[in-house]
Amino acid sequence: MWHPKVDLNQIIIRRFRLDDLPQVVRIIDRTLTERYSLEIYHSIYEAWPEGFIVSLIGNKIVGVLASAKNSIYEARILMFSVDTPYQGKGIGSLLLKHFENICREEGIRAIRLEVRISNDSAIKFYERNGFVIINMINSYYSNGESAYIMWKMLE
Ligand SMILES: CC(C)(COP(=O)(O)OP(=O)(O)OC[C@H]1O[C@@H](n2cnc3c(N)ncnc32)[C@H](O)[C@@H]1OP(=O)(O)O)[C@@H](O)C(=O)NCCC(=O)NCCS
């Protein structure tokens, strides 16, 4: 596989725009098993535009984080992916930190997410970033796999 060199100083993080959709869908389809209709992307964006962010190198989108507000105090990560050749280079951590700052600015105190119980690398990534497993949901995904609920309280 191609292993691009990444200088984290060249990463730009900004809010998602509708014309990003083709690139975003391509990354999500390559990296996540679950499939989402275009309407889902639109409705996530319309519900909370600040919570839908992308990371770029030049004009190329290399990472996506889409979320929702569960309540005025809690955000929920719905999709989170870094494109395959760009994983393991610090881009996901950068995107997550940026997202946590958006949450703090909005007065949100905690973040939750669901992750496949078999997704060891993502679980480890979230644990390194301060998330803990608080519960499990049986048969959460469309292929019957269960999910862990992970949760982080923001300082
Ligand atoms: C989970 C995911 C979003 C994390 O993003 P990422 O960019 O790969 O994450 P990072 O590079 O910041 O961190 C990953 C690892 O790389 C290492 N790393 C961080 N910065 C690094 C750098 N500059 N150079 C080399 N390695 C680095 C970290 O030690 C980290 O290890 P850990 O996973 O054991 O914590 C990404 O791997 C991904 O898209 N996975 C597939 C989709 C997925 O499972 N999404 C989550 C669904 S809930």
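Tutor: Two strands count as paired if DSSP finds at least two bridges between them, and a strand is a DSSP run of E with at least two residues, a helix one of H or I with at least four, numbered from the N terminus. In this structure a hairpin joins β3 to β4 through 4 residues. The model is predicted, so local features need pLDDT of at least 70 and side-chain atom pairs count only at pLDDT 80 or more, while totals for chains, interfaces and linings use all residues. Residues are numbered from 1 along each chain as its sequence is written.

Student: How do you know that β3 and β4 pair?

Tutor: DSSP must find at least two bridges, and β3 and β4 are joined in the antiparallel sense over 7 bridges, so they qualify as a pair. Among the partners, V64 stands against S81 of β4, and K69 has A75 of β4 as its bridge partner.

Student: What makes β2 and β3 a pair?

Tutor: The two strands run antiparallel and are joined by 6 bridges, with L56 opposite I61 in β3. They form a hairpin with 2 residues between them, and G58 in the turn has a positive phi of about 60°.

Student: Why are β1 and β6 said to stand at the edges of the sheet?

Tutor: The open sheet has 7 strands in the order β1-β2-β3-β4-β5-β7-β6, and its pairing is mixed. β1 (11–15) and β6 (132–137) each have a single partner strand, so one side of each is left without a neighbour in the sheet. Neighbouring strands are turned by 25° against each other on average, direction ignored. The helix α3 packs on this sheet, touching β1, β2, β3, β4 and β5, and its direction makes about 35° with that of β3.

Student: Why is I149 called partly exposed?

Tutor: A residue is buried if 20 or more other C-beta atoms lie within 10 Å of its own, exposed if 12 or fewer, and partly exposed in between. I149 has 17 such atoms, so it is partly exposed. I149 belongs to strand β7 and, leaving aside neighbours within four places in sequence, is in contact (C-beta atoms within 7 Å) with R112, E114, I134, N135 and I137. I149 and V132 are 17 residues apart in sequence, yet 8.4 Å apart in space, C-alpha to C-alpha.

Student: Is S139 buried or exposed, and how do you know?

Tutor: S139 has 10 other C-beta atoms within 10 Å, so it is exposed. S139 lies in the loop between β6 and β7, and its phi is near 50°, a positive value in a residue other than glycine.

Student: Which residues have the most contacts inside the largest nonpolar core?

Tutor: They are V64, L65 and M150, in a core of 28 residues. The elements giving two or more residues to this core are α1 (21–31), β2 (52–57), β3 (60–69), β4, α3, β5 and β7 (147–153). Not counting residues up to four places away in sequence, V64 touches V24, I27, I28, V54, M79 and S81.

Technical notes. A nonpolar core is a set of buried Ala, Val, Leu, Ile, Met, Phe, Trp, Tyr and Cys residues joined through C-beta atoms within 7 Å. Two residues are in contact if their C-beta atoms, placed from the backbone, lie within 7 Å. Axes are lines fitted to C-alpha atoms, for helices over the stretch in contact, and angles run from 0 to 180 degrees between N-to-C directions.
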